[in-house]
Amino acid sequence: MKIKNLILTLILSNFLAISAFAQFSPGDLSKGHANLGGSDNCTKCHTTGSKISSEKCLECHKEIKTSIVSRKGFHATAEVGTKQCVTCHVEHKGRDFQLAKINKKTFDHTQMGFELKGVHAKKECNACHKAAFISDPNLKTRIFTYQGLSSKCLNCHSDYHQGKLPANCGSCHSFNTFKKAKVVGFDHGKTKFPLQGKHANVECITCHKTEIINGKPAQRFKGLEFETCTPCHKDVHEKKFGDKCQQCHTEDSFHTIKNINTFNHDKTHFALLGKHKTVTCKSCHKTEHMTDPIKHDKCSNCHKDYHKGDFVKKGIATPDCKECHTNDGFKSTTYTVKKHNLSPFPLEGAHFATSCTVCHKKQTDWSFSKMGTKCVDCHKNIHKGNMSEKFLANDNCTSCHTTKTWKSVKFDHDLTNFKLEGVHAIKSCGDCHYKKNSSGERIQKFENLSKECSSCHEDKHFDQFAVNGKTECVKCHGFEDWKKLKFDHNTSRFKLEGAHKNAQCIKCHKEITDKKGTFIKYKYESFDCLVCHSVKN
């Protein structure tokens, strides 16, 4: 009986112990608090009544208590500082449960006193929040914590400059990139060497070279020589002009000479005149050293013969440029009309006012030597095939035209079989020799022209006076005035007698209209009185 009671007592004790343990420990602690497991450690976090005490949490998490007391960081914000720790951090959820749950997408990092900018904003949290960047040895042992980081650059980044520059990287660099970032806060103008001209755009590494310091590469910023240009720039003149480059050059460009007028080029063997004053030194001084001698006796020493030997003058195939040009430019020329008149082709009439380019630069290149002296060498013979060779032998335009103007013609029309009289004598050639065809095209005609008036003039009488198909207008009209008639009615078949002498022409010769058209009727088939007079009863 005693044995049975003992067994029951042990079974009951074990049951009560298991029940009590289940009550005190509802689940495993997280990895960070795993060392606090067991009933002996409950009071380290819980107070009487199983409540969680924030005071007890802060006794262990001193860094958070410091943050709250100093009113800095996330736990000191108005939103978080009034809450109990257990509100956000719940335990007994298992070993892998994460106590600090943060929405990385919506979390405002500025609450931590460090705003994420540039590259920092693109980094994952664990890229910065890791044990390697925590300086507090007590926090380094934590499995995971967001605490213990400093906002100083060198807390996470190595000092590339190895103490040669201030530790505040932000005074020179931005948050975008360290390698190619422009100096954002450093004012080089406060140094002994202000950056001016081209120096302002030069990359820092160009002057501040990388050297090995303490076995590591670092840029050199102090102790640079800058009193003269030669520590950085090669003296191409080899000190022939001294070591003060700034006497001639500016920081804007070595190719721009400062106060170029102060350099007296007249002391050399070649005075700079005209366009030569504005030419860059390097255009002529093409060797390595500015003081190397160069040929300058002829223009061709520097300038290419643009005319390619085409200009012939005084038996010299290729005269020097100065024979026709000056230092003021190649476009202007000293080859005057007076000089041109000494050539095989004197300039007369319209040729005198014609630009040189019209004749000498018909294509891309100039031409002088083989121009020709005939009109057809420059002008097209538009009469070719339209005029008898008798009047245009050997394409000689001067037989009719002058150099004054093409419209001025000196042709003697009496040499043809049609003498110009009256109004014909004052008409232009084109009035008779240029006509429009059915297509409206203006064509010329000089050969095989008819002398009949009707070949040029419209017969407004509709062949009333035609004899054998020809009408001789000159029987009535003169060359001076068509309206002034020389017709003698008494030579006709109807002589004017009696009252007929004083009758107006229109009384008998009335305007009629028939199938031919409208015209004045002059010829009658009958001279019977009744043709014109009616009989009254």
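1. The model is predicted. F462 sits in the loop that runs between β4 (442-444) and β5 (466-467). The backbone deserves a look here: phi of F462 is positive, about 55 degrees, although the residue is not a glycine. Most residues other than glycine have a negative phi.

2. D395 is another site with a positive phi. Its value is near 55 degrees, and D395 is a residue other than glycine. The residue is found in the loop between α11 and α12. With 23% relative accessibility, D395 is classed as partly exposed. The class follows because buried would require under 20% and exposed over 50%. D395 also has a charged partner, taken up in the next point.

3. Which residue meets the side chain of D395 in a salt bridge? The partner is K384, at 3.3 Å from N to O. K384 is partly exposed, at a relative accessible area of 49%.

4. K384 has a further contact of this kind. E389 forms a salt bridge with K384, and their closest N and O atoms lie 3.9 Å apart. A salt bridge needs the nitrogen within 4 Å of a carboxyl oxygen, so this pair is counted. E389 is partly exposed, with 44% relative accessibility. Taken together, K384, E389 and D395 are linked in a network of salt bridges. Side chains of opposite charge can pair when their charged atoms come close.

5. How many salt bridges does a search of the whole structure find? The search finds four. One of them joins the side chains of R142 and E63, at 3.3 Å from N to O. R142 belongs to the loop between α7 (137-140) and α8 (204-207), while E63 belongs to helix α3 (residues 62-69), so the bridge ties together parts 79 residues apart in sequence.

6. E63 counts as buried, at 17% relative accessibility.

7. G329 is buried, and its relative accessible area is 15%. The C-alpha atoms of G329 and G274 are separated by 7.5 Å, although the two residues are 55 apart along the chain.

8. R71 has its place in the loop between α3 and α4 (78-81). With a relative accessible area of 73%, R71 is exposed.

9. Now the overall form. What radius of gyration does the protein chain have? The value is 58 Å, whereas a compact globule of 537 residues would come near 24 Å. Along the principal axes, the C-alpha atoms fill a box of roughly 190 × 100 × 40 Å. The secondary structure of the chain amounts to 14 helices and eight strands.

10. Burial and contacts next. Of the 537 residues in the protein chain, 15% are buried. Contacts can be sorted by sequence separation. Among those between residues at least 6 apart, 39% join residues at least 24 apart.

11. The accessible surface of the chain is about 42,200 Å². Carbon and sulfur atoms account for 56% of that surface. The chain carries 87 positive and 56 negative side chains. How far apart do the centres of the two sets lie? They lie 6 Å apart.

12. Sites to open in the viewer: F462, for its positive phi of about 55 degrees; D395, for a positive phi near 55 degrees; K384, for its part in the network with E389 and D395; and R142 with E63, for their salt bridge.

Definitions and conventions. Residues numbered from 1 in each chain as written. Predicted model: local features only at pLDDT ≥ 70, side-chain atom pairs only at ≥ 80, totals over all residues. Heavy atoms only, no water. Helix = DSSP H or I, 4+ residues; strand = E, 2+ residues; numbered from the N terminus. Rg over C-alpha atoms; globule rule 2.2 N^0.38 Å. Buried < 20%, exposed > 50% of the residue type's maximum accessible area, 1.4 Å probe, protein only. Contact = heavy atoms within 4.5 Å. Areas by Shrake-Rupley, 256 points an atom, 1.4 Å probe, with all protein chains shown as cover. Lys, Arg positive; Asp, Glu negative; His and termini not counted. Charge placed at Lys NZ, Arg CZ, Asp CG, Glu CD.
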